[in-house]
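Thanks for asking me to look this one over. Have the structure open while you read, and click on the residues as they come up.

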Amino acid sequence: MSPEIPQYEARIPMNKGALALLVHGGTENWSPERWKRRFDDVCRDRRVLLLPDAAFDPADVHYAAVWKPDHGELAAFPNLRVIFNLGAGVDALMADSSLPRVPLVRVAVEDLTGRMTEYVALHVLMHHRQELYLRDSQRRKRWAPKFQWPASAISVGVMGLGTLGANAAHALRHLGFRVSGWSRSQRQIDGVECFHGNAQLDAFLGRTNILVCLLPLTPDTRQILNRELFAKLDRSSSIGAPVVINAGRGGLQDEADILQCLDDGTLGSASLDVFASEPLPADSRFWTHPKVVLTPHNAADTDPDEISKYVARQIERFEAGARLENVVDRGRGY
Ligand code: NDP
Ligand code: OXD
């Protein structure tokens, strides 16, 4: 946590400040009414205000649970104590220069972590087991098996060894892959070769055949997935041209570079869950590119049941004087 943001002491006695819900998503999972029902269930002795419709006094709001609120929306609450982001990534909030200087808590729960690990395992295995080739063969009614190498012949490199990356790295290790990881600060994970910082990035890339990106989007990581980086990946394994899997944020990738690198063979294939512009525009080449496996930003869905309980528990702890968990360090941006 950056020094200028106080880790508030609970003030006792404390009246039950209201919880404002600001959810702008649009997809089924982000239905504001669904979130409101969940929060009503788990915050029974507290007013849960679904904005923008609720009639309320902004001064009553002590907590806000949000997903992609409009810039300036949170600044309207003079007595706000904690902001709870309803997802793991806080890049949308960090882009709001009027964001109140109160603790910002992000999601880090087993449910979300497990879902992301499923996505990573699925997509690493898909490329490793040559599924693009096999599905194409099936469509063409072509019985043409190819040599299949073992997992131990492939090095998977995970960029970002936080809550999600570390868990995915463990699972890949159990599947038999050689696994390495890259983070900002030094990490130690059993069975995973850990690299950190810009000085060790090239060494990490040079031993990676399948690159999995689970970084947060910050000024330091924007467009880090670009041609220069792809050219440093190892092409000498059985899989041949390296593979990129990005489930972090679209802003982490240079999309023109990815398309060109797939076309000229710098990359063999890619799985992309996130894009610079979402929903992905209908005229994007990613939709139909034969080397791309595309998913609509649902690698790890946020489950309203789990996350509303997580937020309610954190509020209880906070009001009992305990420290909040998973507070974003605004200096680092994640
Ligand atoms: P964490 O904050 O737990 O981990 C982030 C990791 O990235 C840390 O290991 C951190 O290093 C590393 N990192 C950050 N900046 C740098 C840098 N400049 N250089 C090297 N390493 C860096 O995040 P989570 O694992 O919980 O989530 C990661 C991201 O996944 C989220 O920010 C979000 O964007 C995305 N996400 C996507 C979802 C989807 O459905 N597609 C769902 C959920 C999340 P260090 O360990 O040293 O701090
Ligand atoms: C998240 C997401 O950040 O769903 O949690 O993208």
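Predicted model: local features only at pLDDT ≥ 70, side-chain atom pairs only at ≥ 80, totals over all residues.

1. The values below are computed from it.

2. Start with the surroundings of ligand 1. There are 30 residues around it, and Arg-106, Ser-185, Arg-187, Asp-273 and Tyr-334 come nearest. Sorted by class, that shell has 14 nonpolar, 9 polar and 7 charged residues.

3. Now look at the backbone. Which distance separates a backbone N or O atom of Leu-161 from an oxygen atom of ligand 1? That one is 2.9 Å. For Gly-248, a backbone N or O atom sits 3.3 Å from a ligand 1 oxygen atom, and for Ala-300 a polar backbone atom is 3.1 Å from an oxygen atom of ligand 1.

4. How much of ligand 1 does the protein bury? On its own the ligand exposes 940 Å², and 94% of that is buried by the protein.

5. Next, the second largest pocket, which holds about 260 Å³ of space. Its lining has 15 residues, and His-127, Gln-130, Leu-132, Gly-268 and Ser-269 lie nearest the centre.

6. By class, you'll find 7 nonpolar, 5 polar and 3 charged residues lining the second largest pocket.

Conventions. Residues numbered from 1 in each chain as written. Chains lettered and ligands numbered in written order. Heavy atoms only, no water. 1 Å grid on protein atoms, 1.4 Å probe; cavity = no way out; pocket = protein on both sides within 12 Å on 5 of 7 lines; lining within 4 Å. Points joined across faces, edges and corners; volume = space filled by probe spheres on them. Nonpolar A, V, L, I, M, F, W, Y, C, P; charged D, E, K, R; others polar. Near = heavy atom within 4 Å. Polar contact = N/O pair within 3.5 Å; in protein donor to acceptor, adjacent residues only side chain to side chain. Areas by Shrake-Rupley, 256 points an atom, 1.4 Å probe, with all protein chains shown as cover.
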